[in-house]
Amino acid sequence: QVQLVESGGGLVQPGGSLRLSCAASGSIFSINAMGWYRQAPEKQRELVATITSGGIANYADSVKGRFTVSRGNAKNTVYLQMDSLKPEDTAVYYCNANVRSVFFHTDDYWGQGTQVTVSS
C-alpha cells in the first residue's frame, strides 16, 4: 500500500501565495514522476505540474511563471509553490505519484485532495 498525504491548501486573496506539500509513504521501492493536478467545480481534472525523479519539470501553460514544482531531498515529497494566485486557480488540488512498489508493481497513486480558494 502507498499513501499520499497533502497539506497547505486554504483561502488566499488574489495575488497571494500558497505552498502545497505532499508526502508519500508505504511499500515504496522507488518513485518516478510526482506532480499536481486540480479539479474545479464542474470541470475535468487537469494537470498543473509534474516533476521527474531527475528534476525535470513540466507545467500547464496557465501556471507557467507563477507556480514552481519541486521534490524534497528524500525524493518522496513534492511541493507546489503557487504565487500570483488568480481566482481561476480555485480548485481541489491532488497530489499524484508514479510509484514502483517493493513488490515491483508500478502504478499511479493519488492523495485525498486539498482545497485552494482564491477570493477577495
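Where is the place of Arg38? Arg38 has its place in strand S4, and strands here, like helices, are DSSP runs numbered from the N terminus (helices are H or I with at least four residues, strands are E with at least two). The model is a predicted one, in which local features need pLDDT of at least 70 and side-chain atom pairs count only at pLDDT 80 or more, while totals for chains, interfaces and linings use all residues. Residues are numbered from 1 along each chain as its sequence is written, and side-chain values use heavy atoms, with hydrogens and water left out.

With a relative accessible area of 6%, Arg38 is buried; the word buried stands for under 20% relative accessible area, exposed for over 50% and partly exposed for values in between (1.4 Å probe, protein chains only). The side chain of Arg38 has a polar contact of 2.7 Å with that of Glu46, and another of 3.0 Å with the side chain of Asp89. A polar contact is a pair of N or O atoms within 3.5 Å; within protein, one must be able to donate a hydrogen and the other to accept it, and residues adjacent in sequence count only if both atoms are side-chain atoms. Leaving aside neighbours within four places in sequence, the residues in contact with Arg38 (heavy atoms within 4.5 Å) include Val48, Phe67 and Tyr93.

Ala40 sits in the loop between strand S4 (28-39) and strand S5 (46-51). Not counting residues up to four places away in sequence, Ala40 touches Thr90 and Ala91. The C-alpha atoms of Ala40 and Val92 are 6.4 Å apart, although 52 residues separate the two along the chain.

Next come the sheets. Strands of a sheet pair through backbone hydrogen bonds, either parallel or antiparallel; here, two strands pair if DSSP finds at least two bridges between them. Four strands form an open sheet in the order S1-S3-S8-S7, with antiparallel pairing. Strand S1 (2-7) and strand S7 (67-71) are at the edges with a single partner strand each, so one side of each has no neighbour in the sheet. Six bridges link S1 to strand S3 (residues 18-26) in the antiparallel sense, and Ser7 has Ser21 in S3 as its bridge partner.

Strand S11 (residues 114-118) pairs with strand S2 (residues 10-12) in the parallel sense over three bridges, with Leu11 standing opposite Thr117. Strand S9 (residues 91-101) runs antiparallel to S11, joined to it by three bridges; Val92 has Gln115 as its bridge partner in S11.

Met82 touches Leu18, Leu20 and Val116, among others, not counting residues up to four places away in sequence.
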